[in-house]
Amino acid sequence: MDMMTAMVERNIAAETPLAETSQQQHLRTRAARYLLAGLRLALGWVFLWAFLDKVFGLGFATEAKNAWINGGSPTKGFLSFGATGPFQGFYNGIAGAVWADWLFMVGLAAIGTALLFGVGVRIAAATGGLLLVLMWTAVLPPENNPFMDDHLVYAGVLALIAVTNAGDTWGLGRTWARLPVVERFGWLR
């Protein structure tokens, strides 16, 4: 009888809402990990694609004649003619500067690559967030909203990706985290 009672109690315990909640929580956590990894990969591609299009002039945002490899400036056109608002003078002043072109392009490539591989995600998220906020300030106020636009939303998603170690899923984040320098300096994660 004791064995039978124990089996019944185990079956009842397995069917309680607490057990279901634990299983559901596990599924939600797993789904969240995959969703965050997908967002990391998507944003990585957004940054890397911007780099590739500006380097080669693939005809999406940059025509071939304006490609960086053909002597075009990745910052001149937009910062000269697209910048508006209170920071327009600042952005007009750096438009086409060699240092600004290089900083912008290296940033796009490094952020995109880090996000796609899932390494250095915290640094990529911080620098990507900074770049996005700077791009937001270049067009104040945004065209379709008093203050909010996709640049700020992407910056928020980058922050979320950084604090959740999203590079561990579908990325090399765990391997990266085991490097001695990364173990010593957690901000490199």
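Visitor: Which residues lie nearest the centre of the largest pocket?
Guide: K54, F78, F104, L131 and M135 lie nearest the centre, out of 49 residues that line the largest pocket. Bear in mind that this is a predicted model.

Visitor: Which elements give two or more residues to that lining?
Guide: They are α2 (17–56), α3 (76–82), α4 (88–94), α5 (98–117), α6 (121–137) and α7 (150–163).

Visitor: And which gives the most?
Guide: That is α5, with eight residues in the lining of the largest pocket.

Visitor: What is the volume of the largest pocket?
Guide: About 1,400 Å³.

Visitor: How does its lining split by class?
Guide: The lining of the largest pocket has 31 nonpolar residues, 11 polar ones and seven charged ones.

Visitor: Switching to cavities. How many of 30 Å³ or more turn up in the whole structure?
Guide: The search finds one. The largest cavity holds about 30 Å³ of space.

Visitor: What lines the largest cavity?
Guide: Its lining consists of G118, V121, R122, A162, N165, A166, G167, D168, G173 and R189. By class, that is three nonpolar, four polar and three charged residues.

Visitor: D168 and R189 are both in that lining. What do their side chains form?
Guide: A salt bridge, with N to O at 3.0 Å. R189 sits in the segment after α9 (180–184) and D168 in the loop between α7 and α8 (173–177), so the pair ties together parts that are 21 residues apart in sequence.

Visitor: Are R189 and D168 buried or exposed?
Guide: R189 is buried, and D168 is buried as well.

Visitor: How many salt bridges does the count come to?
Guide: Two. K65 forms one with E63, where the closest N and O atoms are 3.9 Å apart.

Visitor: That is just inside the cut-off, then. How exposed are K65 and E63?
Guide: K65 is exposed, at a relative accessible area of 61%. E63 is partly exposed, at 47%.

Visitor: Back to buried charges. What is the nearest side chain of opposite charge to D53?
Guide: K54, which is 5.4 Å away. D53 is buried but has no salt bridge, because a salt bridge needs the side-chain nitrogen within 4 Å of a carboxyl oxygen.

Visitor: Where is D53 found, and what does its side chain reach at 3.1 Å?
Guide: D53 is in helix α2. Its side chain reaches the backbone nitrogen of L58 at 3.1 Å.

Terms used
Residues are numbered from 1 along each chain as its sequence is written. This is a predicted model: local features need pLDDT of at least 70, side-chain atom pairs count only at pLDDT 80 or more; totals for chains, interfaces and linings use all residues. Side-chain values use heavy atoms; hydrogens and water are left out. On a 1 Å grid over the protein atoms alone, a cavity is a set of points where a 1.4 Å probe fits but cannot get out, and a pocket is an open set with protein on both sides within 12 Å along at least five of seven lines; lining residues have an atom within 4 Å of a point. Grid points are joined across faces, edges and corners, and a volume is the space filled by probe spheres set on the points. Helices (H or I, at least four residues) and strands (E, at least two) are DSSP runs, numbered from the N terminus. Ala, Val, Leu, Ile, Met, Phe, Trp, Tyr, Cys and Pro count as nonpolar, Asp, Glu, Lys and Arg as charged, and the others, Gly among them, as polar. Buried means under 20% relative accessible area, exposed over 50%, partly exposed in between (1.4 Å probe, protein chains only). Lys and Arg count as positive and Asp and Glu as negative; His and the chain ends are not counted. A polar contact is a pair of N or O atoms within 3.5 Å; within protein, one must be able to donate a hydrogen and the other to accept it, and residues adjacent in sequence count only if both atoms are side-chain atoms.
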